[in-house]
Amino acid sequence: MKSQELSLSKFLSRYSYLKGADLIKVTHKEVAYLFPEIRRSSFDEIKRNPELLFTGKVVIVNDGKKSIPYYAPQLSNDDIDCLDFSREAIKERKIDDTVYDYTNMSIYELRCLLERKFNSYRNQNCARRELNRRGIVLNKKYKRNNKIEEE
């Protein structure tokens with residue numbers, strides 16, 4: 001079946017008249033959401049009617065992870081301009097490296113500074129020291145070797 005597969009980007013460029021560099025990154029889930037007019041088939045239907053595959057009415061499409069059969073839309077002879085497909089870039093969140101007055105911060109604010117994803121190592125370290133100075137234990141240590149006394 002591998003030789004009969006068509007990539008999802010090629011399928012969208014041929015049958016939906018789309019173009020763009022981001023077309024390679026599209027998945028089957030995104031196609032189902034963005035293009036509800038493109039109908040899917042099933043492998044059971046292909047097993048019952050193999051002529052659908054041989055005549056080109058159904059095309060097996062691979063997005064790089066899995067293969068799904070799609071009904072091939074009818075192509076027209078009209079000159080249609082291709083639409084440019086692009087994705088919005090995800091804005092990167094910068095790491096907070098400002099110096100705070102840790103003694104005046106609340107416990108909640110200090111715990112928020114412990115998040116590794118958005119705060120610098122220095123902020124995490126200073127917040128951890130301030131919480132320890134206030135007597136708040138971050139890592140609970142358990143006594144694992146104690147035996148349970150039976151009555």
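**From the fold to single residues**

The chain contains 6 helices and 5 strands, where helices (H or I, at least four residues) and strands (E, at least two) are DSSP runs numbered from the N terminus. Followed along the sequence, these elements give the pattern β-α-β-α-α-α-β-β-β-α-α. This is a predicted model, in which local features need pLDDT of at least 70 and side-chain atom pairs count only at pLDDT 80 or more, while totals for chains, interfaces and linings use all residues. Residues are numbered from 1 along each chain as its sequence is written, and side-chain values use heavy atoms, with hydrogens and water left out.

Of the 151 residues in the chain, 28% count as buried, which here means under 20% relative accessible area, with exposed meaning over 50% and partly exposed in between (1.4 Å probe, protein chains only).

Strand E3 (residues 58-62) pairs with E4 in the antiparallel sense over 5 bridges, pairing being assigned if DSSP finds at least two bridges between two strands. Within this arrangement, valine 59 has tyrosine 70 of E4 as its bridge partner, and in the hairpin, which has 4 residues between the strands, glycine 64 takes a positive phi near 105°. Because 4 of the 5 residues of strand E4 (residues 67-71) are buried, E4 is largely enclosed by the rest of the structure.

Tyrosine 70 also belongs to the largest nonpolar core, whose 17 residues include Phe11, Leu12, Val31 and Tyr70 as those touching the most other members; such a core is a set of buried Ala, Val, Leu, Ile, Met, Phe, Trp, Tyr and Cys residues joined through side-chain atoms within 4.5 Å. H1, E3 and E4 are the elements that give two or more residues to this core, and its largest share, 4 residues, comes from H1. A second, separate core of 9 residues includes Met105, Leu113, Leu114 and Leu131.

Two loop residues complete the picture. Tyrosine 17, in the loop between helix H1 (8-15) and strand E2 (18-19), has a positive phi of about 60° although it is not a glycine. Most residues other than glycine have a negative phi. Serine 120 lies in the loop between helix H5 (107-112) and helix H6 (121-133), and it counts as buried because its relative accessibility is 11%. Not counting residues up to four places away in sequence, serine 120 touches Ile95, Asp96 and Asp97.

Terms used
Contact means heavy atoms within 4.5 Å.
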